[in-house]
Structure formats: structure tokens, C-alpha cells
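Please read them with the coordinates open beside you.

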Amino acid sequence: MSKTIIISNRLPVKITQQNNEYELQVSEGGLATGLGSIYKEGDNIWIGWCGLDVPKEDESRIINELEKENLAPVFLTEDEIKLYYEGFSNETLWPVFHYMSTYAQYDESYWESYKQVNEKFRDAVIALAQPGDIIWIHDYQLLLLPQLIREKLPDTTIGFFQHIPFPSFELFRLIPWRAELLNGMLGADLIGFHTYDDVRHFTSSATRVLPVQTNANTIHQDDRNITIDAFPMGIDAKKFDALSKTEEVRLINDNYNEILGDTKIILSIDRLDYSKGIVQRLLAFEKVLIEHPEYIGKISLHMIVVPSRDTIPQYRDLRDDIDKLVGNINSRFRTSAWHPIHYFYRSFPITELSALYNRANICLVTPMRDGMNLVSKEYVASKTNEPGVLILSEMAGASKELIEAIIINPNNLAEMSNAIVQALEMGKEEQQTRMLSLRQTVLKFDINHWVKIFMDQLKEVKELEKSRYAR
Ligand code: G6P
């Protein structure tokens with residue numbers, strides 16, 4: 001019996017350590033939910049890093065705990081976390097792929113570690129894989145893995161999906177190891193991105209860097225055909241829709257209404273990341289308060305920033321910049337009864353998020369660059385009673401689908417602050433019309449749809465390849 005093996009840098013669980021005991025918390029994340037229907041079945045398995053630096057003597061305990069959930073850990077040493085994860089993945093690939101190449105470090109020791117850790121993942125896969133298995137690899141931390149597996153298991157079905165943007169060739173070419181990275185990815189049978197622009201950028205980089213031929217959305221290399229396509233990722237929309245109607249969420253909302261009264265809420269939720277445009281968003285909000293003093297005391301920005309990658313200098317600096325800016329704006333405009341910005345630097349339980357999404361009059365999603373951006377979809381799925389307005393950056397993959405949002409360029413502060421005012425003044429009817437269309441899109445093209453179309457196409461392209469060889 002063949003099985004499916006899913007591989008991502010992080011496992012879909014959070015492991016915490018307390019008094020020599022390890023605690024497992026299964027992730028509520030979209031990918032974990034969507035792939036839950038796959039990896040929890042039969043012998044299927046998800047391989048990834050458990051997110052902790054685990055002492056050798058504790059490894060077997062973790063392995064046993066995870067096995068019960070169909071999960072298999074890859075353990076990373078302190079050095080590997082530094083060089084492969086923080087280094088090459090997040091100080092080289094992340095900034096270049098998000099068009100912030102001036103932040104990128106091109107460091108030989110990062111690259112060496114990236115190669116070694118991709119090989120470590122390969123060994124973990126090979127230890128479990130049988131001929132006929134389907135392998136689905138996720139994201140930029142594992143770009144070399146498809147080819148590394150292909151070398152050992154030449155006939156295996158391998159899918160690769162990248163959750164972050166693929167940059168234009170002029171950015172991608174900056175990376176000294178560009179050819180190796182492309183060859184690594186091309187070990188897959190099917191390579192998926194969120195948008196057609198990413199597909200276009202990838203194909204253009206492959207043809208300029210490597211001796212490959214293309215035909216429509218197929219790349220031909222060494223007598224193999226590799227299909228490149230767009231699969232815009234959805235969310236577990238039904239879960240968000242249902243959650244917002246629960247008694248628990250209603251009670252949280254009653255509490256908000258009591259505290260906030262008629263104040264119009266502008267909501268923003270992100271991981272702490274320079275790609276998210278948090279500073280630009282704060283400046284646009286400040287501009288609204290400066291140019292429209294009639295809103296003072298009547299609107300507030302609820303900004304949730306989830307701590308992330310805080311060992312990397314740019315992330316630490318960004319946190320300081322946000323602290324300062326929030327402090328400046330609050331001290332300049334606050335009154336004794338009102339705060340312009342409610343800033344939370346922590347994560348929230350999903351019920352609290354649901355209540356906030358449901359209550360928010362505006363959701364402000366302004367990344368400088370984002371593969372998809374699922375917050376924008378979660379907001380829409382949670383809007384089950386009163387409508388609201390989504391303001392969305394054209395640099396997010398989601399802007400290609402959520403076209404009834406107010407679409408802005410996050411570098412254009414005037415446009416962003418005008419969009420906030422437009423949203424504040426938008427009539428109920430227009431809000432409703434826009435939200436209805438947005439909800440149709442988000443509820444229809446959900447995470448299950450995404451998993452299905454990727455898996456179906458992966459099987460289809462493999463069958464085609466097999467029949468080509470049989471001829
Ligand atoms: C993005 C990436 C994921 C990553 C997540 C959190 O969504 O596409 O691969 O897991 O950020 O980042 P972290 O570095 O904490 O895993």
C-alpha cells in the first residue's frame with residue numbers, strides 16, 4: 001500500500017517543555033488543518049522539525065509522543081538552527097524572495113548548513129519512504145529536497161509547494177547559489193505557487209539560469225517534464241464561519257461592545273515581520289488622525305503582532321521601531337478616555353481572534369510583499385452578521401482573488417489613509433455587496449479545495465510522465 005509523506009520545516013505541533021516534561025499542542029494553522037485529512041490517515045506521515053533544541057537523551061521520548069500523531073521529527077542542532085533556519089532560510093532566502101534584498105546575507109556557512117539540513121531531511125524521508133509513495137514538500141526552507149529525494153528514489157511522485165512569493169529573475173539572480181536552488185526544486189514532478197506571477201517568475205529564472213526548455217507550463221530537463229502551476233491557498237473557511245456564530249465568541253464580543261461602545265475598530269494581525277508593512281500601516285493611520293481630527297475618539301486600531309524570529313537583528317530592530325511609533329502616536333493623540341492604538345505583542349487564542357474579526361469594522365492588511373496572506377481570508381470568513389471593509393495590499397497574493405476589497409499600494413501612504421477614510425464612510429449596502437462576493441470566493445475556494453486540486457494534479461502529471469516512458 002502506498003502512502004503520502006508530507007514534509008515541512010516545522011511540524012504542525014507546538015512542543016513546549018515544562019519541568020522536564022514535554023507537552024504537545026497540535027497546531028490550529030491552516031496548513032495543519034487542511035493536510036489533517038491526509039497525514040492522519042493510515043500509514044501517512046508528516047516529517048518536520050519540532051521547533052526545539054532537544055537534548056540527545058530526550059529524542060526518543062519526543063519520537064514516541066509524535067508517532068501517536070503520525071508525525072516524525074527531524075532534530076536540528078543549535079548550529080543548524082542558527083545557520084540553516086535563522087541564516088540561509090530567513091536571512092538569505094526570505095528577504096530576497098520578499099523583494100528586500102538589501103537585508104540579505106550571502107554567507108557560505110549558511111549555505112553549507114542549508115545543504116546539510118536538506119540532506120538530513122532527505123535521510124528522514126528515505127528511512128520511511130517506499131516505492132510508489134507520494135511525497136509533498138512544503139516551502140523555501142527545503143528547496144533542495146525534491147532533487148535530493150529524486151536521486152535516491154527516481155520514480156517517486158514528488159510535489160513541491162512554495163508558500164512565499166517567487167521573486168522576479170532580477171532579484172533571484174542575486175543569490176550566489178541560484179542554479180543549485182532551481183535544480184533542487186526541479187526534482188519535483190509538480191511545483192506549485194500561490195499566483196501566476198510566481199509561476200512566471202520561476203519559469204523565467206529557470207530558463208535564464210539553466211539549460212532547460214519550456215512548453216506552456218512545463219519545464220523539460222534531463223528527459224523529465226516538470227509542471228509549474230498556480231494553486232491559490234484557501235483557509236478552513238467553514239471553521240471560521242461557524243466559530244464566529246458560537247456562544248463563546250458572542251460573549252467575548254458582548255464584552256468588547258461594552259468596553260468599546262460605538263468606537264469603530266480597525267484590525268490588523270500579523271507575525272512580526274518587515275514584509276508585513278506594519279510601520280507603513282501605522283504611518284497611514286497617523287495620517288488619518290492628523291488630516292481628519294473628526295475621527296479622534298471615534299476610531300481605534302487594534303494591532304496584534306505575533307512574536308517571530310526574534311533572534312534575527314532585523315526583527316528585533318523592527319520591534320523597537322513599532323514600539324516607538326505606537327508610543328508616539330498614542331501619546332500625541334490619546335485622551336483620558338480613548339486610545340488610538342491598542343497594540344498587543346503576543347498571540348491570541350482562536351476564539352478571541354474570531355471575536356475581533358467579527359467585530360472589526362475594517363481589516364487592514366498591508367504587506368509590502370506576501371505569498372498569499374490568510375488573515376484577509378479569515379476576516380472575510382468570520383464576517384457572519386455585520387459586514388465590514390477589507391483593505392488589502394496589491395502586493396499580497398490574496399489581492400488577485402479578493403478583488404472586492406479596497407486594494408492599495410502599501411508604499412503610497414496617501415492612498416492607504418484615503419482608503420481608511422473611504423472604508424469608514426462606506427455605506428452599509430456597498431459593504432454588504434462587496435462582502436457577499438468576498439465570502440463566496442473564500443468559502444468556495446477553501447483549504448480542502450486547495451489540497452484536492454494540488455493532489456489531483458500531482459497524480460495526473462505523474463501518470464502522464466509514466467505513460468510517456470511506456471510509449
Ligand atoms: C511563513 C512561511 C512558513 C513559516 C511561517 C512561520 O508563513 O511560509 O514556512 O513556517 O512563516 O515562520 P517560522 O520561521 O516561525 O516557521
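**Notes on the predicted model**

1. N20 is found in the loop between β2 (13–18) and β3 (21–26), where helices (H or I, at least four residues) and strands (E, at least two) are DSSP runs numbered from the N terminus. Although N20 is not a glycine, its phi is positive, at about 65°. N20 is exposed, with 6 other C-beta atoms within 10 Å; a residue counts as buried if 20 or more other C-beta atoms lie within 10 Å of its own, as exposed if 12 or fewer, and as partly exposed in between, with C-beta atoms placed from the backbone.

2. A216 is a residue other than glycine with a positive phi, near 50°, and it is found in the loop between β9 (213–215) and β10 (218–221). A216 is exposed, with 7 other C-beta atoms within 10 Å.

3. On the basis of these notes: this is a predicted model, in which local features need pLDDT of at least 70 and side-chain atom pairs count only at pLDDT 80 or more, while totals for chains, interfaces and linings use all residues. Residues are numbered from 1 along each chain as its sequence is written. The protein averages a pLDDT of 95, and 100% of the residues score at least 70, pLDDT being the predictor's confidence in each residue, from 0 to 100. The model scores ipTM 0.98 and pTM 0.97.

4. Which residues are around the ligand? They are N9, R10, D139, H163, I164, S308 and R309, a residue being near a molecule if its C-beta atom, placed from the backbone, lies within 6 Å of it. This shell divides into one nonpolar, three polar and three charged residues, where Ala, Val, Leu, Ile, Met, Phe, Trp, Tyr, Cys and Pro count as nonpolar, Asp, Glu, Lys and Arg as charged, and the others, Gly among them, as polar.

5. H138 lies in strand β6 and is buried, with 22 other C-beta atoms within 10 Å. Leaving aside neighbours within four places in sequence, H138 is in contact (C-beta atoms, placed from the backbone, within 7 Å) with I7, S8, F161 and H163, and H163 is also listed among the residues around the ligand.

6. Helix α5 has six of its eight residues buried, so it is largely enclosed by the rest of the structure. The buried residues are L145, P146, Q147, L148, I149 and R150, and they pack against β1 (4–10), α4 (108–128), β6 (134–138), β7 and α7.

7. In helix α7 (residues 178–185), L181, L182, G184 and M185 are buried. Seen down the axis of α7, these buried residues fall within an arc of 155°, so they line one face of the helix; the arc is that of the directions from the helix axis to the C-beta atoms. They pack against α5 (145–152), β7 (157–161), β8 (190–193) and α8 (196–209).

8. Not counting residues up to four places away in sequence, I135 touches I5, I7, V125, A129, I149, T156, T157 and I158.

Methods
Contact = placed C-beta atoms within 7 Å.
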